[in-house]
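Here are my notes on the model you passed along. Have it open in a viewer while you read.

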Amino acid sequence: MKNKLTILVLFILLFSNMNYAADIHVPADYSTIQAAINAASPGDVIIVSNGTYTEDLVINIANLTIRSVNGSASTTIRLVDGVGIDLQAGATNFTLGIASKGFKILSGAATTFLIQLTNAPSGVTIQYNTIN
């Protein structure tokens, strides 16, 4: 009995500390893409529903994927000013868009850089997006 209890306790301790990747839905879970990014953990996938999202994005989370539900014809990120999408050093292995699930990315009136890689994050993939 003691061995079974020890195994059960070890099993619970082992799996209680594991982080599982989550799907985060915009706007169902968070009203903005940036709010979803702020709540995300490494490995999460942010899934953005159809619509236009007027905001700049700062990403500093590893292994994060941001994709749309129906692609660039249905989902737009309209940047505001300054650096539109700022991928910081912690954004290693970041992905923006997957097969047919990207975004239309539009420059704001005061946007200086549409997408900037700050301090060289590695493994960045930007695909299936239309950038204007």
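The points below go from the whole chain down to a few side chains.

1. Ground rules first. This is a predicted model, so to speak of local features a pLDDT of at least 70 is needed, side-chain atom pairs count only at pLDDT 80 or more, and totals for chains, interfaces and linings use all residues. Residues are numbered from 1 along each chain as its sequence is written, and side-chain values use heavy atoms, with hydrogens and water left out.

2. The overall make-up: the protein chain has two helices and twelve strands. Both kinds of element are DSSP runs numbered from the N terminus (helices are H or I, at least four residues; strands are E, at least two). Reading from the N terminus, the order is α-β-α-β-β-β-β-β-β-β-β-β-β-β.

3. Some totals. Of the 132 residues, 33% are buried, where buried means under 20% relative accessible area, exposed means over 50%, and partly exposed is in between (1.4 Å probe, protein chains only). The chain exposes about 7300 Å², with carbon and sulfur atoms supplying 56% of that; accessible areas come from the Shrake-Rupley method with a 1.4 Å probe. Among contacts (heavy atoms within 4.5 Å) with a separation of 6 or more, 66% are between residues 24 or more positions apart.

4. Now the open sheet: four strands in the order 3-6-9-12, with parallel pairing. Strand 3 (51-54) and strand 12 (130-131) are the edges, each pairing on one side only. Two strands pair here if DSSP finds at least two bridges between them. Strand 9 (residues 104-106) and strand 12 are joined by two bridges, and Ile-105 has Ile-131 as its bridge partner in strand 12.

5. Strand 7 deserves a look too. Three bridges join strand 4 (residues 57-59) to strand 7 in parallel, with Val-58 partnered by Asp-86. Six bridges, again parallel, join strand 7 to strand 10 (residues 110-117); in that strand, Ala-110 stands opposite Asp-81.

6. Asp-86 does have polar contacts: its side chain is joined to that of Thr-118 at 2.5 Å and to that of Gln-88 at 3.4 Å. The term covers a pair of N or O atoms within 3.5 Å; within protein, one must be able to donate a hydrogen and the other to accept it, and residues adjacent in sequence count only if both atoms are side-chain atoms. Beyond four places in sequence, Asp-86 touches Leu-57, Val-58, Ile-59, Gln-116 and Thr-118.

7. Gln-88 is in the loop between strand 7 (81-87) and strand 8 (95-96). Gln-88 counts as partly exposed because its relative accessibility is 24%. Its C-alpha is 7.3 Å from that of Val-58, 30 residues away along the chain. Contacts of Gln-88 beyond four places in sequence include Asn-60 and Pro-121.

8. Finally, Thr-111 in strand 10. Thr-111 counts as buried because its relative accessible area is 15%. A polar atom of the Thr-111 side chain lies 2.9 Å from the backbone nitrogen of Gly-108.
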